[in-house]
Amino acid sequence: MAWASKGFEPGSGRFLHEVAAELLGPQVPLAVVTGPSFAKEVAIGLPTALTVHSATADFAKRVAGVLHGPSFRAYTGDDMLGAELGGAMKNVLAVATGVADGMELGLNARAGLITRGLNEMLRLNRALGGRPETVMGLAGLGDLVLTCTGDLSRNRRLGLALGRGHSIEDAIREIGQVVESVQTADEVMRLARRHEVELPIAEAVYAVLHGELTPAQGLRQLMAREQKAEYPGPLFG
């Protein structure tokens, strides 16, 4: 069984491969297909690169082989946890960059949020036991850059609307599709608290989505944080 959906089990924070393994048993090979891919561009044949992660190497190769083609490159890996974390967490971080762009904070702010957001993804990934190279590849960094900068992203568009002063209800109604970041932010923060990982950007997004902070207050909260080393602890290895 292979899937391309991204997120967590609502209410538990469990990864999709954990839920699938429990329901289907160890005899069914599992794979996650993930990476920077807007469905609209895939559908019209624009060049796309994705990655297929599975604990069963032969199954990953089989799924990748089915997908691979003249305009579609499919790589393989075996870190399902890291791949699924990247695919889910980037939606939360895309809201942050959307808010910044909606508030017209400039390209410096966008680049800073993407980079520090990647740092948060790496920290949570390390705490959960994922591999850093997965987050630095298509499943993490690749998907993060696409979702934070491409206006086809529903999560970025939600952030843009919030940054321009719209309510979350009006923003979701205008988008007219499921916006994964609302539920995903809850599960990311659940995991962060459980593993005692500090995620200031994700936490600010969570607070804005729940009406605890306005976008302007969230910005002030982030900018008021104490000065510290860029890498106070190990992210790799």
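Me: How many salt bridges does the count come to?

Reply: In this predicted model, the count comes to 13 salt bridges.

Me: What makes the pair Asp 78 and Arg 131 a salt bridge?

Reply: The rule asks for a side-chain nitrogen of Lys or Arg within 4 Å of a carboxyl oxygen of Asp or Glu. In Asp 78 and Arg 131 the closest N and O atoms are 2.4 Å apart. The pair therefore meets the cut-off of 4 Å.

Me: Why is this pair said to tie together parts that are apart in sequence?

Reply: Asp 78 lies in the loop between β4 and α4 (80-102), whereas Arg 131 lies in the loop between α5 (107-128) and α6 (132-135), so the parts tied together are 53 residues apart in sequence.

Me: Into which domains is the chain divided, and how many salt bridges are counted between them?

Reply: Domain 1 covers residues 2-80 and domain 2 covers residues 88-224. Two salt bridges are counted between domain 1 and domain 2. The count of residue pairs in polar contact between these domains is seven.

Me: Which elements give two or more residues to the side of domain 1 that touches domain 2?

Reply: They are α2 (39-43) and β3 (48-53). The largest share, four residues, comes from β3. By class, this side of domain 1 has eight nonpolar, nine polar and six charged residues.

Me: How do you know that domain 1 and domain 2 are in contact, and how many residues does each give?

Reply: Contact requires heavy atoms within 4.5 Å. The contact takes 23 residues from domain 1 and 21 residues from domain 2. The centres of the two domains, taken over C-alpha atoms, are separated by 22 Å.

Me: What area is buried between domain 1 and domain 2?

Reply: The buried area is about 1,700 Å², and carbon and sulfur atoms give 67% of that area. Phe 8, Phe 38 and Asp 79 supply 36% of the area that domain 1 buries against domain 2, more than any other three residues.

Me: Why are β1 and β4 called edge strands?

Reply: The open sheet has four strands in the order β1-β2-β3-β4, with mixed pairing. Strands β1 (2-3) and β4 (72-77) each pair on one side only.

Me: How do you know that β1 and β2 pair?

Reply: Pairing needs at least two bridges between the strands. Strand β1 and strand β2 (residues 31-34) have two bridges, in the parallel sense, and therefore qualify. Within β2, Val 32 is the bridge partner of Trp 3.

Methods: Residues are numbered from 1 along each chain as its sequence is written. This is a predicted model: local features need pLDDT of at least 70, side-chain atom pairs count only at pLDDT 80 or more; totals for chains, interfaces and linings use all residues. Side-chain values use heavy atoms; hydrogens and water are left out. Domain bounds come from an automatic or database domain assignment. Buried area is the accessible area (1.4 Å probe) that two parts lose on being put together, summed over both. A polar contact is a pair of N or O atoms within 3.5 Å; within protein, one must be able to donate a hydrogen and the other to accept it, and residues adjacent in sequence count only if both atoms are side-chain atoms. Ala, Val, Leu, Ile, Met, Phe, Trp, Tyr, Cys and Pro count as nonpolar, Asp, Glu, Lys and Arg as charged, and the others, Gly among them, as polar.
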